[in-house]
Amino acid sequence: MEDLLSLKESIIIYLDRSGGLNKLIKACSSFKESQQMEAVYRFSFDVNPTDVVELDARLGDCILHDPLKATSLFQSVCYLSIKALSLIEHTITENQVNVVLKPTHMPPFPRYFLDLSEFPRGYGPMRPLEMVGLVIAMTRVSKYTQGARFLCTEEKCPSSRGFHHIRVHAPGATESATVRSDFICFLCSSPLREDMKSRVLGDKQLVELVHVRALDVLGVHDPSSLRFQSVTLFLRDELCNSMKIGLVYRVVGIPAHVHQCPKVTWSIEACSIQAVKFEYPCLISDNFQALLAASACSPWRFSAIIANSFGSAVLPPGLYSTLKLVLLLSLVQTEGANPDAHNHLDVLALTSDTLIIDRLMTYSLSLAGRGIRHPVTGELFASLSKDEHGAGTANIHAGSALLAGGGVCLLGDLMCYKRDRMDTLQSVLESRSVSVFIPGKKYGEDADQQLSFSIQCNFWALADAAVPSRKPIKPDSVVLGSVEMGPVPPQVAEAFGLVIQCRDAIGHHPLLPMTVHTLRQAISPGEPLYPASMQFTTQDYKELLAYARGLKVDMSPEAEKMIHGYYISSRRVRSDFSQGSSVSVTSIKLMIALAQAHAKLNLRTQVLEEDAVIAVLLCENSVTLKHGASALVIPPDAVFPCDLCDLDSLRRRDLTLEEFHQQILHFVYTYTPGAATHIMEE
């Protein structure tokens, strides 16, 4: 008895220090305002186990290892506090007080952490554990019974009135465990009936959590021998809608067995939820630091050299350098769940050799913070199924695009996609959201519903330009400079924004260097084939991209003036009275994203005018491929006008880019006369 009194005294002290008593008083005042006698009064408290252990080790041990006993002690203390302070006017009983304890975190020891990839499960104690997982599915919010009042059917029994029989929800309990028709009175053993007017309802939501390493199955990493299985997480009341599909969370919850005859399932009752923020590395390899110092004389050289040498494990240096630079820029512009749409850099590559480009994109995908290769037969955005845990509502499963949130989703060859999939892809690329229709009749709802999910990933795709278009093209409709998009509809190519044509170098054919590359790999497997691959490893690129991804950049006035000036001039040049401008309004967002990514890739925190030059050249090449050339005439490979084989070639590239810089300024000042002093933002 003395031990219980000592524990209750420690609870009073902890609630007073942590603000729990003030929270109790505020909750009781809200019950007072309702002027209605409740059957159950629910009080929720956030509990810091570390503070509790410092105050009373026995109480901390009880919270960590016997949560039901700890809840009972807190319930008793809350009831006595309400009674002593007269916080509720009418008389209540102790069993009407429903206390929910929510540990904020667990001690940093292995026995308090649950690895979602471990098996078997369900044989340990039912106590709070901490886990980290990825949300792959969730249901809509539905109702559950927080508490119910039961009365004895025998009128002479004291339990036929008052609040003697109160049942509240416990972790792992199903609806039938809280509300049933076969309960009997503990005084006279007569059947009990529920007072339906006194039932208290709450919100619940089911979430499926899986280990983050399970994404390796959909990515490009080597599949491990571990087995991954999702865990069902129950969110209740204020925790509902606190998680989003595709994000990683740290959860403190109590594992519980859910009895659904004839089977028993294992689930987790969530206590607290915290989004996981991944920290970016602050170190760059010595080789890249030396290269950055050596190339400081030019704002273009560092990114040019790393793009030229990139992917030497799958293709020779110098091959498809423009595409490699664009892939690096897209990898840099993956900043997690960033709501700014202009941060997205989608890439569509047109090629005559889809195998080589697919290998390059697959290799690049492994460097993304989260990379998903979408299987053509799988679901790209979201799918529906019926909940299997008795809720009866719709369970929304994440597709490849939602799972790739904050990363890259590789679509592969667009020729493999049907027309309806292409239309949906176009809509998502334009709106950056996907709508999921939930038919009410099928999932037990009164009305149909439509939910919208934000898409926060970059899309990569490729297409065989040699494949004829599905629609015949009239010879007189071909514009100078435009190219055949193959099986890709023009609307989809326009939605991608950045279209890159993988051209062969003049006088060279990619088959010869690729043949030599393949033979050298076969003769010396696992060994670096080029000096660049020996100097800059894949791990070096991964660290560089992760560091650049975490940089925050600001636009300089000169860069803004060039981007805005080119945007207005290009819209004026590429416009007619019948169809309007062929330059979309999203082009300015694309150029801002390219300029920001180029500055980050060069490890700068300010976007210079030279970064804007690269953005304009890439955008102009892309628009020319789709709509033909304009008054700003630049060659197709403007970003890499020559092979980078020595220092002299780097100097020639710098001089050529400076000429393009002046050509862009002349174009802007010609078609936007006021650009030198003032440019209106559209």
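Close-up 1. Axes are lines fitted to C-alpha atoms, for helices over the stretch in contact, with angles from 0 to 180 degrees between N-to-C directions. Helices (H or I, at least four residues) and strands (E, at least two) are DSSP runs numbered from the N terminus. From α9, Leu328, Leu331 and Val332 meet Leu545, Ala548 and Arg549 of α16 (contact means heavy atoms within 4.5 Å). The contact residues divide into 5 nonpolar, no polar and 1 charged. Here Ala, Val, Leu, Ile, Met, Phe, Trp, Tyr, Cys and Pro count as nonpolar, Asp, Glu, Lys and Arg as charged, and the others, Gly among them, as polar.

The model is predicted: local features need pLDDT of at least 70 and side-chain atom pairs count only at pLDDT 80 or more, while totals for chains, interfaces and linings use all residues. Residues are numbered from 1 along each chain as its sequence is written, and side-chain values use heavy atoms, leaving out hydrogens and water.

**Close-up 2. An open, parallel sheet of 5 strands.** The strand order is β12-β15-β18-β11-β19. Strands β12 (371-373) and β19 (498-501) are the edges, each pairing on one side only (two strands pair if DSSP finds at least two bridges between them). Neighbouring strands are turned by 20° against each other on average, direction ignored. Within the sheet, β15 (residues 408-413) and β18 (residues 458-464) run parallel and are joined by 5 bridges. Leu410 has Trp460 in β18 as its bridge partner. Helix α10 (residues 354-365) lies across β11 (347-351), β12, β15 and β18. Its angle to β18 is about 165°.

**Close-up 3. The salt bridge of Lys102 and Glu238.** The closest N and O atoms are 2.0 Å apart (a salt bridge is a side-chain nitrogen of Lys or Arg within 4 Å of a carboxyl oxygen of Asp or Glu). The pair links distant parts of the chain, 136 residues apart. Lys102 sits in strand β2 (residues 97-103), Glu238 in the loop between β8 (231-236) and β9 (248-260). Lys102 is buried, at 5% relative accessible area. Glu238 is partly exposed, at 44%. Buried means under 20% relative accessible area, exposed over 50%, partly exposed in between (1.4 Å probe, protein chains only).

**Close-up 4. Asp346 and Arg432 meet in a salt bridge.** The N to O distance is 2.1 Å. Asp346 lies in the loop between α9 and β11, and Arg432 in the loop between α12 (419-431) and β16 (433-438), so the pair ties together parts 86 residues apart in sequence. Asp346 is buried at 5% relative accessible area. Arg432 is buried at 10%.

Close-up 5. Arg652 is partly exposed, with 39% relative accessibility. Asp648 is partly exposed, with 40%. Elsewhere, salt bridges that share partners join Arg42, Lys102, Asp237 and Glu238 into one network. The whole structure holds 16 salt bridges.
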